[in-house]
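Student: I'm new to this one, could you walk me through the side-chain contacts?
Tutor: Gladly, let's have a look together.

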Amino acid sequence: MKKFLLSAAFLAIALTPVIAADTVELPVASTHDWSGLYLGAHVGGGGSKVDWTYPNGLTADHNGSGVLGGVQVGYNIQSGNVVYGIEADISAANIDGGTSCPNPDFSCESNVKMLGSLRGRVGFAMDKLLIYGTGGLGYGTIDISTTSDVVVLGTSGTTRTKAGWTLGAGLEYALDDHWSLKGEYKYFDFGKAKYTIDDVDAKIKIHTGVIGLNYKF
């Protein structure tokens, strides 16, 4: 009996690699080809955080929100399940907000009118689903202004195009060999800049979320 048990144990140990090979499925390369040039469009929304500081230290910090929409173009290279490439996008935007200025006769306001980026992308493909991270150069056109209900005072502002950086992540799903849908989040940081209106310093950060449609050539 003891010899039988020992023989059975040795047989089980010998067969374990064979059984494991039959039951464990190893990752395989994605069957959908993500490589190539693509062009698309997107629409979504965003929120801004503006730290507004006067030379005397008084502040008019505020948040904003609004919509954006635009186009993107990029190129992917796929190696196994890894997809990497580069993408550029540009959006018309209307992300605005404001608060009361230290002088109560005025309202301190901001409006992000345009956003764009040039980024690298690295992702992992699971057949038709691509999960990716992205980051690089961000830029935007921002208007900083003060307004008053007093007609004589009216509105006065400064518009600047600022460069900064952006980071984000997204999901993209291939509908067929050419068309794909994506959802993407990006964070923009434009640092601090001087605006001639009231000689203020404004530090601007923006969060965006979009859905988009791409066509791969």
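This is a predicted model: local features need pLDDT of at least 70, side-chain atom pairs count only at pLDDT 80 or more; totals for chains, interfaces and linings use all residues.

Student: Where does lysine 194 stand, then?
Tutor: Lysine 194 stands opposite aspartate 201 in E8. Strand E7 (residues 179-195) and strand E8 (residues 200-216) run antiparallel and are joined by 15 bridges. E7 and E8 form a hairpin with four residues between them, and in the turn aspartate 198 has a positive phi of about 60 degrees.

Student: Ok, how many salt bridges are there in the whole structure?
Tutor: A search of the whole structure finds eleven. One of them is between aspartate 89 and arginine 119, whose closest N and O atoms are 2.6 Å apart. That pair links distant parts of the chain, since aspartate 89 lies in strand E3 (residues 82-100) and arginine 119 in strand E4 (residues 107-126), 30 residues apart.

Student: Why do aspartate 89 and arginine 119 count as buried?
Tutor: Buried means under 20% relative accessible area, so aspartate 89, at 7%, is buried, and arginine 119, at 2%, is buried as well.

Student: And what about lysine 182 and glutamate 184?
Tutor: Their side chains also meet in a salt bridge, at 3.6 Å from N to O, and both lysine 182 and glutamate 184 are buried.

Student: Switching topic, how many aromatic pairs are there?
Tutor: The count comes to five aromatic pairs. Among them are tyrosine 215 and phenylalanine 217, whose ring centres lie 5.2 Å apart and whose planes stand at 80 degrees, so the pair is edge-to-face. Tyrosine 215 is partly exposed, with a relative accessible area of 27%, whereas phenylalanine 217 counts as exposed at 56%.

Student: Which residues form a cluster with them?
Tutor: Trp179, Tyr215 and Phe217 form one aromatic cluster.

Key: Residues are numbered from 1 along each chain as its sequence is written. Side-chain values use heavy atoms; hydrogens and water are left out. A salt bridge is a side-chain nitrogen of Lys or Arg within 4 Å of a carboxyl oxygen of Asp or Glu. Helices (H or I, at least four residues) and strands (E, at least two) are DSSP runs, numbered from the N terminus. Buried means under 20% relative accessible area, exposed over 50%, partly exposed in between (1.4 Å probe, protein chains only). Two strands pair if DSSP finds at least two bridges between them. Rings of Phe, Tyr and Trp (its six-membered ring) pair if their centres lie within 6.5 Å; planes under 30 degrees apart count as stacked, over 60 as edge-to-face and the rest as tilted.
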